[in-house]
Amino acid sequence: MGRAQAAMARFAARQGAIGFRRQSTARELPLLPYPQLCYDMDAFARRLGDVCRVGDGGAGCFMITELPKNLCQLHEELLQGSRQFFALPLAEKEKVDYHQSREFRGYMRQGTENTAGQVDWREQVEFGREEPRRQASDHLYSRLRGPNQWPSQPSSLRPLVLSWLEEMEELSRKLTRALSVSLGLSETSLDGYFQQPHVQAKIVHYPPSNGGGLGVGAHADSGFLTLLWQDEAGGLEFLDAQGCWIPALPIPASMVCNLGEVVQLLTGGVYPATVHRVLRPGAAGRVSLPYFWNPSLDVEVRPLELGALPAQLLGRPKESENKMLPSYGMNAFKSLARSHPEVFARHHPDLACLPDGEVVYKSSL
Ligand SMILES: O=C(O)CCC(=O)C(=O)O
Ligand SMILES: [Fe+2]
């Protein structure tokens, strides 16, 4: 039994009845301790580099373990608040329906979101940085900046989400510095990408099912890093360089971290965006809290000269199906327009989404 499985078995034994739907013989995710990130950045960065170089034995994703108590507590309270929200009647949840939001924020009921052309088995609320709405004359991607829709029940949700956004920003800035060091750059080399980070954060509920099928289909995230706290249900899996799915088994005081398309572009594919998917949960359902750490919308990603060979990757869409755009803002718009075609059509009728995902003015076609 590997470390992750052993930790999970201990956790399950402590919790009583929690069992695993599927025992997997696949590899486990690498474990990187948070205290090392704080107190020995160089050692953490060396390990991070090994983990991110997919194809050289790296998985492109990892668990940050031994997180501080206050952060674990905050996440557990947020899981609890999220469960309370998702248990409300649909009409209550739809008071913050995302169809009302030009910025693609708010509650998305089950059946409204697509990944790789398939409808996802989940409901969620999407949040971002709280900002005033921008003038129409600003750059196209500025349309993604604006206010959140805050659920009024439970009343704890708003302050919890705001604290979560703050804590995750601090952790993400530390991880960005470690990633920079792991690439042979100075610690602060990438700080300039994150002057006004375009964060996206979601509370997600995968309703109970009788198993089989996907909760969310295989995809890579469009941003820089994703940090995810999950409950005990499991089901999140990552694709390794051999085309095998590695389960991200839940481990106490730990969160999952994976790289997005911005890092892939920046490193010329040496650190690829990690493809992942979620299996439908069993009878207990699943709640997860993904936090997407993304650059400022106006960042143009300039690939670094690393002199290393990119990994040979399986299971990725062709460039003609998913163009990676150097403008982070346009890459973010691509991803939202594809996942939420109804909001795109309703609030952005002057725009079109091309087959490779690029968003353009209809008048330019
Ligand atoms: O809920 C999860 O475990 C994964 C969610 C995810 O991959 C996403 O929303 O991009
Ligand atoms: Fe994802």
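**Exercise 1.** In this predicted model, does Asp221 count as buried or exposed, and what is its relative accessibility?

*Solution.* Step 1: the relative accessibility of Asp221 is 7%. Step 2: buried means under 20% relative accessible area. Step 3: Asp221 therefore counts as buried.

**Exercise 2.** Which residues are the protein donors of the iron ion (ligand 2), and what spacing do they follow along the chain?

*Solution.* Step 3: along the chain, the donors follow the spacing H-x1-D-x54-H.

**Exercise 3.** Place Glu342 in the fold and find what its side chain contacts.

*Solution.* Step 1: Glu342 belongs to helix H9, which covers residues 341-347. Step 2: with a relative accessible area of 46%, Glu342 is partly exposed. Step 3: its side chain makes a polar contact of 2.9 Å with the side chain of His99. Step 4: Leu171 is 171 residues from Glu342 along the chain, and 34 Å separate the C-alpha atoms of the two.

**Exercise 4.** Describe the backbone at Pro154, Glu66 and Phe104.

*Solution.* Step 1: Gln153 and Pro154 are joined by a cis peptide bond with omega of about -15°. Pro154 is in the loop between strand E6 (123-128) and helix H6 (157-182). Step 2: Glu66, not a glycine, has a positive phi of about 55°. The loop that holds Glu66 runs between strand E2 (61-65) and helix H4 (69-86). Step 3: Phe104, also a residue other than glycine, has a positive phi near 60°. Phe104 sits in the loop between helix H5 (90-93) and strand E3 (106-108), and at 0% relative accessibility it counts as buried.

**Exercise 5.** How are helices H3 and H6 oriented to each other, and which residues meet?

*Solution.* Step 1: two packed helices are described by the angle between their axes and the distance between the axes. Step 2: H3 (residues 41-52) packs on H6 at an angle of about 70°, and the axes are 8 Å apart. Step 3: angles of 65 to 115 degrees count as roughly perpendicular, so H3 and H6 are roughly perpendicular to each other. Step 4: from H3, Met41, Asp42, Phe44, Ala45, Leu48 and Gly49 take part in the contact; their partners in H6 include Lys174, Leu175, Arg177 and Ala178. Step 5: the contact residues divide into 8 nonpolar, 2 polar and 3 charged.

Key: Residues numbered from 1 in each chain as written. Chains lettered and ligands numbered in written order. Predicted model: local features only at pLDDT ≥ 70, side-chain atom pairs only at ≥ 80, totals over all residues. Heavy atoms only, no water. Donors = N, O, S within 2.8 Å, 3.2 Å for Na, K, Ca; no water. Buried < 20%, exposed > 50% of the residue type's maximum accessible area, 1.4 Å probe, protein only. Helix = DSSP H or I, 4+ residues; strand = E, 2+ residues; numbered from the N terminus. Polar contact = N/O pair within 3.5 Å; in protein donor to acceptor, adjacent residues only side chain to side chain. Axes fitted to C-alpha atoms, helices over the stretch in contact; angles between N-to-C directions. Parallel < 35°, antiparallel > 145°, perpendicular 65-115°, else oblique. Contact = heavy atoms within 4.5 Å. Nonpolar A, V, L, I, M, F, W, Y, C, P; charged D, E, K, R; others polar.
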